[in-house]
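Hi everyone, thanks for coming. Have a look at the sequence and the structure on the screen, and then I'll talk you through them.

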Amino acid sequence: MTPGPRQASGETTSRVTVDRDRCCGAGNCVVTAPEVFDQDDTDGLVLLRDPTPGAALLDRVQRAADLCPAGAIRID
């Protein structure tokens with residue numbers, strides 16, 4: 001397996017995407033990783049604040065994806 005993208009510091013990063021059409025607005029992602037996810041004030045659906053979070057956040061982002069009842073979060 002090849003390493004993922006690298007930041008200037010040499011830290012490996014991941015690319016996060018969200019599917020707002022699948023999102024049900026549960027908010028688990030926001031509670032788990034608020035640096036990366038937010039919710040739209042209008043419809044309560046996920047907003048992606050940081051599509052390339054650093055390695056320090058990766059465990060929390062993965063947990064958010066695992067907790068998403070709609071499967072709306074993808075990590076590459």
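First, some ground rules. This is a predicted model, so to speak of local features we need a pLDDT of at least 70, and side-chain atom pairs count only at pLDDT 80 or more, while totals for chains, interfaces and linings use all residues. Residues are numbered from 1 along each chain as its sequence is written, and side-chain values use heavy atoms, with hydrogens and water left out.

How confident is the predictor? pLDDT is its confidence in each residue, from 0 to 100. The protein chain averages 89, and 83% of the residues score at least 70. Residues 1–7 have a pLDDT below 50, and this stretch makes 11 contacts in the model beyond near neighbours in sequence. By contact I mean heavy atoms within 4.5 Å.

Now the layout. The protein chain has two helices and four strands. Helices (H or I, at least four residues) and strands (E, at least two) are DSSP runs, numbered from the N terminus. Read from that end, the order is β-α-β-β-α-β. If you take the contacts with a separation of 6 or more, 55% of them are between residues 24 or more positions apart.

How much of the chain is buried? Of the 76 residues, 32% are. Here buried means under 20% relative accessible area, exposed means over 50%, and partly exposed is in between, with a 1.4 Å probe and protein chains only.

That takes us to the core. A nonpolar core is a set of buried Ala, Val, Leu, Ile, Met, Phe, Trp, Tyr and Cys residues joined through side-chain atoms within 4.5 Å. The largest one here has 17 residues, and C29, V36, F37, V61 and I73 have the most contacts inside it. Two or more residues come from each of α1 (28–32) and α2 (58–67), and α2 gives the largest share, three residues.

Let's zoom in on two of those core residues. V61 sits in helix α2 and counts as buried, at 0% relative accessibility. Not counting residues up to four places away in sequence, V61 touches V16, A33, V36, F37, P53 and I75.

Searching the whole structure turns up one cavity of 30 Å³ or more. On a 1 Å grid over the protein atoms alone, a cavity is a set of points where a 1.4 Å probe fits but cannot get out, and lining residues have an atom within 4 Å of a point. Grid points are joined across faces, edges and corners, and the volume is the space filled by probe spheres set on the points. The largest cavity comes to about 110 Å³. It has 14 lining residues, and C23, A26, G27, C29 and C68 are the closest to its centre. What kinds of residue make up that lining? There are 10 nonpolar, four polar and no charged ones. In this scheme Ala, Val, Leu, Ile, Met, Phe, Trp, Tyr, Cys and Pro count as nonpolar, Asp, Glu, Lys and Arg as charged, and the others, Gly among them, as polar.

C23 comes up again with A72. A72 is in the loop between α2 and β4 (73–75), and is buried at 5% relative accessibility. A72 and C23 are 49 residues apart in sequence, yet 5.4 Å apart in space, C-alpha to C-alpha. Leaving aside neighbours within four places, A72 is in contact with T17, V18, D19, R22 and C23.

Last stop: S14 and T52. S14 is in the segment before β1 (16–18) and is buried, with a relative accessible area of 11%. Beyond neighbours within four places, its contacts are P51, T52, P53, L58, I75 and D76. T52 lies in the loop between β3 (46–48) and α2 and is partly exposed, at 29%.

That's my tour, so over to you for questions.

Note on methods: pLDDT = per-residue confidence, 0-100. 1 Å grid on protein atoms, 1.4 Å probe; cavity = no way out; pocket = protein on both sides within 12 Å on 5 of 7 lines; lining within 4 Å.
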